[in-house]
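Dear colleague,

I am handing over a structure for you to look through, and below it I have set down what was found. Please keep it open beside this message while you read.

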Amino acid sequence: MGGAPVAGGYVQATGVADEYGGYANVAPDGSFSMEVAVGDFVLKYTGPGDSSLADEYYDGATSADTATVVHAVGPGATTSDIDFTLDVGGTLSGTVTDAAGAPLAGATVSTGYRSATTAPDGTYTIHGLQT
């Protein structure tokens with residue numbers, strides 16, 4: 001955000017044939033590193049659940065279909081300069097009630113990778129949604 005490193009969250013590599021490639025936690029300095037097999041991969045950053053930054057595929061894409069494919073060249077080789085520039089995402093908030101209109105505490109509201117648990121008054125807020 002504003003060019004500053006973002007700590008937390010993770011980056012996941014998925015092969016172009018939809019196979020699992022690898023996973024790396026993002027370090028406090030915003031860096032990540034993972035070992036993957038030789039092949040072509042799509043990378044996705046997913047932030048911490050309380051982050052206001054939207055999840056993103058590599059090169060600013062909002063879906064795997066439009067993401068830039070990264071080619072891993074082999075054991076011991078490094079593919080560098082795979083940077084994510086994150087945008088502030090949207091926010092979803094509301095109140096969960098039962099059929100009688102009473103608030104439901106402790107309910108989980110989920111939108112893909114982001115979720116929230118309702119407060120005692122039934123309210124919730126989810127940050128960092130794709131817009």
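**Strand 3 and its partners**

In strand 4 (residues 56–57), Tyr 57 is the bridge partner of Lys 44. Strand 4 runs antiparallel to strand 3, and two bridges join them; two strands are said to pair if DSSP finds at least two bridges between them, and the strands themselves (E, at least two residues), like helices (H or I, at least four residues), are DSSP runs numbered from the N terminus.

Before going further, please note that this is a predicted model, in which local features need pLDDT of at least 70, side-chain atom pairs count only at pLDDT 80 or more, and totals for chains, interfaces and linings use all residues. Residues are numbered from 1 along each chain as its sequence is written, and side-chain values use heavy atoms, with hydrogens and water left out.

Strand 3 covers residues 39–46 and is mostly covered, with seven of its eight residues buried, where buried means under 20% relative accessible area, exposed over 50%, and partly exposed in between (1.4 Å probe, protein chains only). Strand 1 (residues 10–15) is joined to strand 3 by six bridges, again in the antiparallel sense, and Val 11 has Tyr 45 of strand 3 as its bridge partner.

**Pockets**

Which strand gives the most to the lining of the largest pocket? Strand 3 does, with three residues, while strand 1, strand 3 and strand 5 each supply at least two. A pocket is found on a 1 Å grid over the protein atoms alone, as an open set of points where a 1.4 Å probe fits, with protein on both sides within 12 Å along at least five of seven lines, and lining residues have an atom within 4 Å of a point. The largest pocket holds about 830 Å³ of space, a volume being the space filled by probe spheres set on the points, which are joined across faces, edges and corners. Its lining has 36 residues, of which Phe 32, Ser 33, Thr 79, Ile 82 and Asp 83 lie nearest the centre.

The second largest pocket holds about 250 Å³. It is lined by 14 residues, and the closest to its centre are Thr 14, Asp 18, Val 42, Tyr 57 and Ala 64. Strand 1 and strand 3 are the elements that give two or more residues to this lining.

**The hairpin of strands 7 and 8**

Strand 7 (residues 108–111) and strand 8 run antiparallel and are joined by four bridges, with Ser 110 having Ser 115 of strand 8 as its bridge partner. Two residues lie between the strands of this hairpin, in which Gly 112 takes a positive phi near 70°. In a regular strand the side chains alternate between the two faces of the sheet. Strand 8 (residues 114–117) has Arg 114 and Ala 116 on a covered face, and Ser 115 and Thr 117 on an uncovered one.

**The whole protein**

The protein has nine strands and zero helices. Its radius of gyration (taken over C-alpha atoms) is 18 Å, well over the 14 Å that the globule rule gives for 131 residues, so the protein is more spread out than a compact globule; that rule is 2.2 Å times the number of residues to the power 0.38. The C-alpha trace spans about 60 × 35 × 20 Å along its principal axes, and buried residues make up 34% of the 131 residues.

With best wishes
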